[in-house]
Amino acid sequence: MAHPVPASDPAEALRLAALRPSEYTAALIHALQARADRVRGGAVLEIGSGSGVVLAALGALGAASLCGIDIEEDAVDAGMLLLAELGHGAVSELHQGDMWLPVAGRRFDLIVANLPHFPMERHEVLGRRPTWSAGGNNGRALLDRFLEGLDAHLLQGGCAVVTHNAFVGMDRTREMLRARGMTMAVVQSILVGIPDEKMGRMTPSVLAAELGRTLHRFGPYCFGEVNVLEIARIGARG
Ligand SMILES: C[S@@+](CC[C@H](N)C(=O)[O-])C[C@H]1O[C@@H](n2cnc3c(N)ncnc32)[C@H](O)[C@@H]1O
């Protein structure tokens, strides 16, 4: 079934374009497809569900239930529409809200996230909402809150799969996890192109520290290293 973008309604088309999946989305879906055994039959949660396409991929892999959270009302509407169209409506719930708040006290088998964690202050770039990419000065405003809340929302034997810009501190994430009894493994690494508009807004100290390390510039073209992490409690990795 085609997604109902009414050609006659440019405002609606723009709204959906703002939620278009990115290279990060694709990498996350690819990593999840490679661990279908962890998805099948499980209760899954996505924080920052955007278009809903990652939840749709999890539904296609056989997740028993799909829960999504997004701060943007448009994302919740678009996500529910997509999941219903693809036949997952009966097992799906999407909540508008901030990070873990809508699922306080609940636990899941698998938690996935492609959080806004680009090191810049909130601004509308590339036709996206200001909430899409910006992770604040060091990029970690939401990432740190995610890591702080993760253990309290994972079922026994559960795990998380998340995208992680290499230029916002892999070591800090490793340390935060270790302090909470968790461990991480890099399951995929890619280079993503970073458009000028975004590079121009990157926190200068991050750019200075990471250029030639995890950020690579060739003339006018810039790329950043992005990892997909699998996170589990120490000793629980299967
Ligand atoms: C980089 S996008 C990823 C969207 C989708 N998961 C994907 O991969 O295509 C990040 C998403 O997080 C949402 N978001 C931003 N701040 C949030 C918050 N405090 N709580 C929940 N979601 C948030 C944004 O609205 C956006 O949809």
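**Basis.** I worked from a predicted model, in which local features need pLDDT of at least 70, side-chain atom pairs count only at pLDDT 80 or more, and totals for chains, interfaces and linings use all residues. Residues are numbered from 1 along each chain as its sequence is written.

**α4 and α5.** I looked up helix α4 (residues 53–60) against helix α5 (residues 73–85) and found them packed at an angle of about 25°, with their axes 9 Å apart. That makes α4 roughly parallel to α5, a label given to angles under 35 degrees. I then listed the contact, counted where C-beta atoms placed from the backbone lie within 7 Å: Val53, Leu55, Ala56 and Gly59 of α4, with Gly79, Leu82 and Leu83 of α5. By class, this contact of α4 with α5 has five nonpolar, two polar and no charged residues, where Gly counts as polar and Ala, Val and Leu count as nonpolar.

**α2 and α4.** I next took α2 and α4, which pack at an angle of about 15° with their axes 10 Å apart, and that makes α2 roughly parallel to α4. On the α2 side I noted Thr25, Leu28, Ile29 and Leu32, which meet Val53, Val54, Ala57 and Leu58 in α4. The contact of α2 with α4 has seven nonpolar, one polar and no charged residues.

**Ser22.** I placed Ser22 in the loop between α1 (10–17) and α2 (23–33). Ser22 counts as partly exposed because it has 17 C-beta neighbours inside 10 Å (buried is 20 or more, exposed 12 or fewer, partly exposed in between). I also noted that the C-alpha atoms of Ser22 and Val192, 170 residues apart along the chain, are separated by 9.6 Å.

Definitions and conventions: Axes fitted to C-alpha atoms, helices over the stretch in contact; angles between N-to-C directions. Helix = DSSP H or I, 4+ residues; strand = E, 2+ residues; numbered from the N terminus. Parallel < 35°, antiparallel > 145°, perpendicular 65-115°, else oblique. Contact = placed C-beta atoms within 7 Å.
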